[in-house]
Amino acid sequence: MLASPEVHVLSDIQQWSAEAATLTLDVQRQAVKERGRFLIALSGGKTPEQVYHRLASPSLAMTKEWSSTLFFFSDERCVPPANPESNYRVAEQALFRPLNIPQNRIHRMRGEHPEPHAAAREYEDVLRAVSQADRMPWPQLDLIMLGIGNDGHTASLFPGTDALQERRRWVTVGHAPSNPSTRLTLTLGVINQATVVLFLASGESKSDIVKKILEPQQESNRQLPAALVRPERGRLIWLLDRAAAAKLTGPYTEGHGTPT
Ligand code: 6PG
């Protein structure tokens, strides 16, 4: 039975980023307690940066479970890691460096690889080995963070692309309508096996697409990439600030769980 989305609306960006950090650390603590480690795939784009800063804040940086955390990425642009467009670079500056995460616990997608399809297969091999899912059809990550674009894309699964149709590979090559166009991305099969999928969206610019995904008025909206993210056994959480939730009719949970 697919879980319904848990939609949390926070009053402002400070509350939103604090709640995102709290949720992340709750999942981390549970994973380390149950399985001795925490496998997280970080989202791309700009939205998660505020959450990274919160997670790396002095009060949270002392969390002992960071030493049992292995970092992956939901997607990456096909650019070198030092490129300002690199999702790894954003996380490296805002999260990994402040938390002193050693390189051997960070598994970045090699966007700089001259052959994107080879880079996708390489990352699948890494994911297969590190997640100890060698003989499994899919890995089970503990938390996959995702953002959403105004066309309904998530990770680098864009509407009408082959990447969105991929049903066998764990990692594939995505094509964005904007530069850098060629990208590496986890596929829906991996995303929908996660224990928790956390969509992060903030700001008024996200309000239209959030409405289309969470309260679809037409069938085509149900086929948008972000709408196809429905974890088979895991939790699906949408964390919104008031501005991103402005067009929703709800009722949705406000803050830490009080129904609106
Ligand atoms: C990427 C992301 C992409 C992103 C959305 C939202 O590499 O760009 O993975 O899916 O999450 O485009 O981007 P913003 O957070 O910058 O709005």
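Trainee: Tyr-88 and Phe-96: buried or exposed?
Mentor: Keep in mind that this is a predicted model. In it, Tyr-88 is buried, and Phe-96 is buried too.

Trainee: And how do the rings of Tyr-88 and Phe-96 pair, stacked or tilted?
Mentor: Tilted. Their centres are 6.1 Å apart, with 40° between the planes.

Trainee: Which residues form the aromatic cluster?
Mentor: Trp-66, Phe-71, Phe-73, Tyr-88 and Phe-96 form one cluster. The structure holds six aromatic pairs. One of them is Trp-66 with Phe-71, and that pair is stacked, with 15° between the planes.

Trainee: Why is Trp-66 called buried?
Mentor: Its relative accessible area is 6%, and buried means under 20%. Phe-71 has 1%, so Phe-71 counts as buried as well.

Trainee: What lies over the face of Tyr-88?
Mentor: Arg-108, at 5.6 Å from the ring centre. Elsewhere, Arg-128 lies over the face of Trp-170, at 4.0 Å from the ring centre.

Trainee: New topic. What is the strand order in the open sheet of three strands?
Mentor: The order is 4-7-6, and the pairing is antiparallel. Strand 4 (75-77) and strand 6 (171-175) are the edges. Each has a single partner strand, so one side of each lacks a neighbour in the sheet.

Conventions: Residues numbered from 1 in each chain as written. Predicted model: local features only at pLDDT ≥ 70, side-chain atom pairs only at ≥ 80, totals over all residues. Heavy atoms only, no water. Pairing = 2+ DSSP bridges. Helix = DSSP H or I, 4+ residues; strand = E, 2+ residues; numbered from the N terminus. Phe/Tyr/Trp six-rings, centres within 6.5 Å; stacked < 30°, edge-to-face > 60°. Buried < 20%, exposed > 50% of the residue type's maximum accessible area, 1.4 Å probe, protein only. Lys NZ or Arg CZ within 6 Å of the ring centre and 35° of its normal.
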